[in-house]
Structures are given as C-alpha cells and as structure tokens.
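Work through these exercises with the model open beside you. Try each task before reading its solution.

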Amino acid sequence: MSKHDDDKKTDQQLLSEKIKDIRIAMMTTAEPDGTLHSRPMATQDLKALEFDGDLWFFTHASAPKVDEVEQHQQVNLSYSKPDANLFVTVSGTAQLVRDRDKIKQIWKPMYKAWFPNGEDDPDLALLKVHVENAEYWDAPAGKVGLFANIIKGIASNTQEPVGQDVKLDM
C-alpha cells in the first residue's frame, strides 16, 4: 500500500504500519568529534503502544549513547525488512527519560537479558525519539515479485521504479 492508496491514513499511521513488525532499529548518533556511531536498539512494541510520534528504547543512563544524545539530539533510526523489500529511515530528536511509571508500563521480563537488575535498576532509563520525518522504500515482496517487476520494466522499456519511495512528515 502506498501513501497515495489511502488518503485517510496519517503519516504517523503509515510509519507505524511500516515498522510495527520490525523489532530492531539501527540508531545512529554523533560522537563528540562528529563521527557517526550506529548500534542496534529494540523498539518498544508499537502494537501495544499507541504510536503518537515518539519511539521508545530502553538504555542504561550511563551508556555512551546518552552522552552523545545530550550533546547532539538529532538521531537517525534505520529499519529493514529485507524479505519484504521494505526499508525505512527515521529522523528525530532524542532525549533521556527517567520516568519510572513509563519504564514499568513498557517493561517485559525478556529485557532482563540486557538489563539484569530489572526494571527497578536506578541506571535503567529510556531514550525517547520524537520523530520529525521518515522515508520508506517499498518494493514487491519476495524475490519473485521483485524479479517480475524488473522484467515488466525491461519488457515495456519504461523507466518506472521497481518500488516506491515515500517521504513522511510528522
């Protein structure tokens, strides 16, 4: 489905729809010397939370990425679902949140693997990324669908894109 297929959906709804099944994002921050640094982060369940333009990630408050975010709030998140030929990039501003109620609201027991002291750990915090804009590339799912679209373009001698590139504003 493209953005143009359903004018009733907001850009927030489209973004949520695209990334709701992708658990891991690569979060890119800027180090003090300007070097970009990316690391995998688990996005909190968009199926359980109403997506309001903010994405949530657990972190240790003492982690280097927190210092990076405090120096330069702009971050990028990259989501990928290669089997479906779906790729999403999200830009926004990040901030450290130490809201114990929010932590308890979205905590799941499986997170103890990364945060062994549990939800009451005083170093446990959240990174909230307020989404400013996003873009996704979506092509026919699977190798057969992608191949069929490529062959169709060659046979019709058109330069139509193999998929779609859609920019979203939040």
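## Exercise 1: Strand pairing

Strand 4 and strand 5 (residues 86-97) run antiparallel and are joined by 8 bridges. The model is a predicted one.

**Task.** Find which residue of strand 5 stands opposite Q74, and describe the hairpin of strand 4 and strand 5.

**Solution.** 
- Step 1. Go to strand 5 and look across from Q74: the residue there is T93.
- Step 2. Turn to the hairpin. It has 4 residues between the strands.
- Step 3. Look at N85, which is found in the loop between strand 4 and strand 5. N85 has a positive phi of about 55 degrees, although it is not a glycine.

## Exercise 2: The partners of strand 1

**Task.** Determine how many bridges strand 1 forms with strand 2, and how many with strand 4.

**Solution.** 
- Step 1. Take strand 2. Strand 1 pairs with strand 2 in the antiparallel sense, over 7 bridges.
- Step 2. Check one bridge of this pairing. A30 has L36 in strand 2 as its bridge partner.
- Step 3. Look at the connection. Strand 1 and strand 2 form a hairpin with 5 residues between them. In the turn, G34 has a positive phi of about 95 degrees.
- Step 4. Take strand 4 (residues 74-81). Strand 1 (residues 24-30) pairs with strand 4 over 3 bridges, also in the antiparallel sense.
- Step 5. M27 stands opposite L77 in strand 4.

## Exercise 3: The whole chain

**Task.** State how many helices and strands the protein chain has, and in what pattern they follow along the sequence.

**Solution.** 
- Step 1. Count the elements: the protein chain has 4 helices and 7 strands.
- Step 2. Read along the sequence. The pattern is α-β-β-β-α-β-β-α-β-α-β.
- Step 3. Of the 170 residues in the protein chain, 39% are buried.

## Exercise 4: Aromatic pairs

**Task.** Classify the ring pair of F58 and Y111, then the ring pair of W107 and Y111.

**Solution.** 
- Step 1. Start with the total. The count comes to 4 aromatic pairs.
- Step 2. Take F58 and Y111. Their ring centres are 5.1 Å apart and their planes are at 50 degrees, so this pair is tilted.
- Step 3. F58 lies in strand 3, and Y111 lies in the loop between helix 3 (100-106) and strand 6 (124-138), so the pair ties together parts that are 53 residues apart in sequence.
- Step 4. Check the exposure of both. F58 is buried, with a relative accessible area of 7%. Y111 is buried too, at 3% relative accessibility.
- Step 5. Take W107 and Y111. Their ring centres are 5.6 Å apart and their planes are at 75 degrees, so this pair is edge-to-face.
- Step 6. Check W107. At 13% relative accessibility, W107 counts as buried.
- Step 7. F58, W107, Y111 and F115 form one aromatic cluster.

## Exercise 5: The largest pocket

**Task.** Identify which residues lie nearest the centre of the largest pocket, and sort its lining by class.

**Solution.** 
- Step 1. Note the volume of the largest pocket: about 300 Å³.
- Step 2. Go to the lining, which has 13 residues. P40, M41, A42, W114 and F115 lie nearest the centre.
- Step 3. Sort by class. The lining has 10 nonpolar, 2 polar and 1 charged residues.

## Exercise 6: The contacts of K104

**Task.** Leave aside neighbours within four places in sequence, and find which residues K104 is in contact with.

**Solution.** 
- Step 1. Locate K104 in helix 3.
- Step 2. K104 is partly exposed, with a relative accessible area of 41%.
- Step 3. List the contacts beyond those neighbours: E119 and D120.
- Step 4. Examine E119. K104 and E119 are 15 residues apart in sequence, and 6.6 Å apart in space from C-alpha to C-alpha.

Key
Residues numbered from 1 in each chain as written. Predicted model: local features only at pLDDT ≥ 70, side-chain atom pairs only at ≥ 80, totals over all residues. Heavy atoms only, no water. 1 Å grid on protein atoms, 1.4 Å probe; cavity = no way out; pocket = protein on both sides within 12 Å on 5 of 7 lines; lining within 4 Å. Points joined across faces, edges and corners; volume = space filled by probe spheres on them. Nonpolar A, V, L, I, M, F, W, Y, C, P; charged D, E, K, R; others polar. Pairing = 2+ DSSP bridges. Helix = DSSP H or I, 4+ residues; strand = E, 2+ residues; numbered from the N terminus. Phe/Tyr/Trp six-rings, centres within 6.5 Å; stacked < 30°, edge-to-face > 60°. Buried < 20%, exposed > 50% of the residue type's maximum accessible area, 1.4 Å probe, protein only. Contact = heavy atoms within 4.5 Å.
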